[in-house]
Amino acid sequence: MQPVDFTTLTAACSEIRANWLPSRLEQVYQRDRYTIVMALRTLQQRDWLQISWHPQAAHICIGDPPPRSPDTFTFSQQLIHQLGGLALVAIEAIAPWERVIDLQFARRPGESALYHVYAEIMGKYSNVILTDANNIIITAAHQVSQQQSSVRPIQTGQPYETPPKLTGTVPSLGESQERWQERVSLVPGAIKRQLLKSYSGLSAALVELMLLEANIAPETSTDTLNPDDWGRLFERWQEWLQALDSKEFQPAWTKDGYTVMGWGAVEKVKNIQELLNRYYSNQIDQQLFSQLRHQLSQKLNNILTKLRNKAQTFQTRLQQSDQADEYRQKADLLMAHLQNWEPGMKEIILADFETNLPIAIALQPDKNAVQNAQSLYKQHQKLKRARAAVEPLLLEVQTEIDYLEQVEAAISQIDNYQTAEDLRALEEIREELIGQKYLEDPEYRSRSANEPPSTNFHRYFTPSGFEVLIGRNNRQNDQLTFRVAGDYDIWFHAQEIPGSHVLLRLEPGAVAEEGDLQFVANLAAYYSRARQSDQVPVVYTQPKHVYKPKGAKPGIAIYKQETILWGKPQLTIQNSK
């Protein structure tokens, strides 16, 4: 993930300063443990200033409005209590080349600041700190005790101390090429590394793009650069310093990230706020997606392993109970041939009633024939009772396994992060598992718990142009089947295989061709657990023939009057490439 460097921070703050000073602070909302947004209003506009102290993605920019779910963090409540209704009158760096921004709040423009919000955009040391006019700390996003840092503790009631000053050489527009080149090439080495070592205020991403623009490979040794190379690189160096001085930047996407210098641009962006908001929202969502998918998959795997072991135990007991009739048959044989028994016998061989084949019956030598028969009858009754007790338990466990395999199949379909909708689909699965008591996470503040089920279904169009909707998780499957489906639609599902509910949308009077049905069957097969198979049995029927059993878990449905088609998931894979 590309960190916000001094250049990016300067560019972002310059743009915010130009468009949002002065403005009134109306609201503060904390999105998560690392991000707050402040509602700012000017005479012309209202928007949300986002400040993040995320260890890998700390940034400041105009961001998206917060969700409607309640904010339960105390930090944001402390901020709005002190700053609500005040004016944001200044946004200043605390010192040249430092990545700490001082947001100053006063009663009205022109008056001295009553409060300062220090946004420290410094990688893993990032923080947001509120102080009064005398720079006494009122609250901080992340408090640092004396034990955690003797150099710079950050505690409520203590004076705010700025981070340690930069010790390296800072770049200067007035420095000559000769002095600059001498400093960078003093010790031979890779040009990228030497630039980063020689000056403060640079970042790896900035230097790489600067070298790319100068047509120099980052690992090129300084002692192999010719005068033309040095000349081109110094021009880019000066271009960078002039941009910082004039506050004129060129935001754009690059092959691997973004730039505010226009170097390596593959697509220009209209402003820096949009660039940073999109980049860091996407990167954080992608990180959360990977973590959440791994956690859910691991949790489900553990639960399913235990349930399958439990089911195996019940099946073993049922197999043992299958011997119940055998015990009764032996007892009947023994009672019919009491005359063949002799005292002290450990085994007796008698002919079967039906087949006339010999059957060996183990006997307890200290009991007579009738007592041995009674023992066999008791064993028969015991095994019969075991079957009656175990069968409902096995059914209950198997139902649970079927449900969790359906959830597992949904997670396996959301295999890569592409948009924020993918993360939302996983969050809905987590909500579902919390609701079904498979997960406990009291610290988790849901973005989707108080929102209606999302309708960001997968969407396709058949060869005839009919829309196809596919649920991404059980919550969406239920929504699709029992809320969205109309009388003329057709419902598809892989037969007795965990997978998504699929809906072919049809207008009154419209008729789906055979090619349309096959296309949707292929999709139903693809969005099932049998994705890797060549052919998958797929059922389809009208939505009115699909029912949810009473008390069934999310995503579970039964159907009737179905027709079977063989879906070919590989065709969907090929068409999507």
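Is Glu235 buried, exposed or partly exposed? I looked this up before anything else. Glu235 is partly exposed, with a relative accessible area of 48%. I note here that the model is a predicted one.

**Entry: the Glu235 pair.** I searched for a charged partner of Glu235 and found a salt bridge with Arg236, with the closest N and O atoms 3.9 Å apart. Side chains of opposite charge can pair when their charged atoms come close.

**Entry: other salt bridges.** I counted 22 salt bridges. One of them joins Glu428 to Arg424, where the closest N and O atoms are 3.4 Å apart. I found both residues in helix H10, which covers residues 420-435. They are four residues apart there, about one turn of the helix. Glu428 and Arg424 are both buried.

I looked next at Lys548, which forms a salt bridge with Asp478; the closest N and O atoms are 3.4 Å apart. Lys548 is partly exposed at 31% relative accessible area, whereas Asp478, at 16%, counts as buried. I also noted one network, in which shared partners join Arg308, Glu405, Glu408 and Arg529.

**Entry: a charge without a salt bridge.** I located Asp102 in strand S6, residues 100-106. Asp102 is buried yet has no salt bridge. The nearest side chain of opposite charge is Arg17, 10 Å away. I did find a polar contact between the side chains of Asp102 and Gln104, at 3.0 Å. Leaving aside residues up to four places away in sequence, Asp102 touches several others, including Ile91, Glu92, His116 and Tyr118.

**Entry: a hairpin.** I followed strands S3 (residues 46-52) and S4, which pair in the antiparallel sense over five bridges. They form a hairpin with six residues between them. Ser52 has His59, in S4, as its bridge partner. I checked S4 (residues 59-63) for cover and found five of its five residues buried.

**Entry: the whole chain.** I recorded 13 helices and 22 strands. Buried residues make up 47% of the 577 in the chain. The radius of gyration is 36 Å, whereas a compact globule of 577 residues would have one near 25 Å. The C-alpha trace spans about 120 × 65 × 60 Å along its principal axes.

Key
Residues are numbered from 1 along each chain as its sequence is written. This is a predicted model: local features need pLDDT of at least 70, side-chain atom pairs count only at pLDDT 80 or more; totals for chains, interfaces and linings use all residues. Side-chain values use heavy atoms; hydrogens and water are left out. Buried means under 20% relative accessible area, exposed over 50%, partly exposed in between (1.4 Å probe, protein chains only). Helices (H or I, at least four residues) and strands (E, at least two) are DSSP runs, numbered from the N terminus. Two strands pair if DSSP finds at least two bridges between them. Lys and Arg count as positive and Asp and Glu as negative; His and the chain ends are not counted. A salt bridge is a side-chain nitrogen of Lys or Arg within 4 Å of a carboxyl oxygen of Asp or Glu. A polar contact is a pair of N or O atoms within 3.5 Å; within protein, one must be able to donate a hydrogen and the other to accept it, and residues adjacent in sequence count only if both atoms are side-chain atoms. Contact means heavy atoms within 4.5 Å. The radius of gyration is taken over C-alpha atoms; the globule rule is 2.2 Å times the number of residues to the power 0.38.
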